[in-house]
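Open the structure in your viewer and keep the sequence beside it. This tour tells you what to select next and what is there.

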Amino acid sequence: MYKSIYGIVFLFILILSGCKEEEAAKISSIEEDYKIQIEELKKENKRASDEYLRQLDEYSIYLQIADSNSRRIMRLISENDFAHLKSEFGIEATISDGKVFFKKDFDDDDIGLPIEQAAFHMSIAYFFILSNNIEIGYFLDDLSTDERYSVTFSFNKEGEFQYFASGDV
């Protein structure tokens, strides 16, 4: 009787040890699959991170160029230095009633900017990189009053001036 009990226990142990080896093999296989997936995800994450940094660099460069050009244009207007405005940016401007008018390429309407507003404090309102051009908008704040105005500059991807628009906020 003890022999049969020992035999059953021994058989049960053999079955359990066989199950453990099968489970261990399955677990090992699953671990390998996860390791492969983790490596693939790390590579994909690296590619996405590199692309994001490339786009961020591109965005930053366009922003710096557009901001620098816009502020330079406004400084030249406030200094009434329209000769440099034309030679540096190719911008044709007409002065009438204390306003500077720019001719927009896509419209026959002239947009005027009061020359004194060109000296107001500028803060960036928005910045867009579009398919054909770059737009940067500013708030112009008259710090002596609570007046706020808006201006928009458009440049092509090479940083060349395209058009200007102004308005009240």
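## The whole chain

The protein exposes about 11,900 Å², and carbon and sulfur atoms supply 55% of that area. Accessible areas come from the Shrake-Rupley method with a 1.4 Å probe, and for residues only the protein chains shown count as cover. This is a predicted model: local features need pLDDT of at least 70, side-chain atom pairs count only at pLDDT 80 or more, and totals for chains, interfaces and linings use all residues. Residues are numbered from 1 along each chain as its sequence is written, and side-chain values use heavy atoms, with hydrogens and water left out.

Color by secondary structure. The protein has 2 helices and 7 strands. Helices (H or I, at least four residues) and strands (E, at least two) are DSSP runs, numbered from the N terminus. Along the sequence the pattern reads α-α-β-β-β-β-β-β-β.

How much of the protein counts as buried? The share is 27% of the 169 residues. Buried means under 20% relative accessible area, exposed over 50%, and partly exposed in between (1.4 Å probe, protein chains only).

Contact means heavy atoms within 4.5 Å. Of the contacts in the protein with a separation of 6 or more, 38% are between residues 24 or more positions apart.

## Stop 1: the nonpolar core

Select I73, M74, I77, L85, L113 and F153. These residues have the most contacts inside the largest nonpolar core, which has 28 residues. A nonpolar core is a set of buried Ala, Val, Leu, Ile, Met, Phe, Trp, Tyr and Cys residues joined through side-chain atoms within 4.5 Å. The elements that give two or more residues to this core are α1, α2, β2, β4, β5, β6 and β7 (161–168). Helix α1 gives the largest share, 6 residues. In soluble globular proteins, nonpolar side chains tend to be buried together.

Now zoom in on I77. Which residues does I77 touch, not counting residues up to four places away in sequence? They are F82, L85, V100, F102, L113, I115 and A118.

## Stop 2: the rings

Show the aromatic side chains. A search of the whole structure finds 7 aromatic pairs. Rings of Phe, Tyr and Trp (its six-membered ring) pair if their centres lie within 6.5 Å; planes under 30 degrees apart count as stacked, over 60 as edge-to-face and the rest as tilted.

Select F153 and F155. Their ring centres are 6.3 Å apart and their planes meet at 15°, so the pair is stacked. Both residues are buried. F155 and F161 form an edge-to-face pair, 6.2 Å centre to centre with 75° between the planes. F161 is buried, as is F155.

Ring pairs link Y138, F153, F155, F161 and F164 into a cluster.

Then find F139. R148 lies over the face of this ring, at 4.1 Å from the ring centre. A charge sits over a ring if NZ of Lys or CZ of Arg is within 6 Å of the ring centre and within 35 degrees of the ring normal.

## Stop 3: along strand β6

Select S154, in strand β6 (residues 148–156). Is S154 buried or exposed? S154 is buried, because its relative accessible area is 0%. A polar contact of 2.8 Å joins the side chains of S154 and N133. A polar contact is a pair of N or O atoms within 3.5 Å; within protein, one must be able to donate a hydrogen and the other to accept it, and residues adjacent in sequence count only if both atoms are side-chain atoms.

Move to N156, also in strand β6. At 14% relative accessibility, N156 counts as buried. Leaving out residues up to four places away in sequence, N156 touches N132, N133, I134 and Q162.

Follow that list to N132. This residue sits in the loop between β4 (121–129) and β5 (133–141). N132 is exposed, with a relative accessible area of 60%.

## Stop 4: two loop residues

Most residues other than glycine have a negative phi, and most peptide bonds are trans. Select N80, in the loop between α1 (2–78) and α2 (82–89). N80 has a positive phi of about 55° although it is not a glycine. N80 is partly exposed, at 47% relative accessible area.

Finish at D97, in the loop between β1 (93–96) and β2 (99–103). D97 is not a glycine, yet its phi is positive, about 55°. D97 counts as exposed, because its relative accessibility is 78%.
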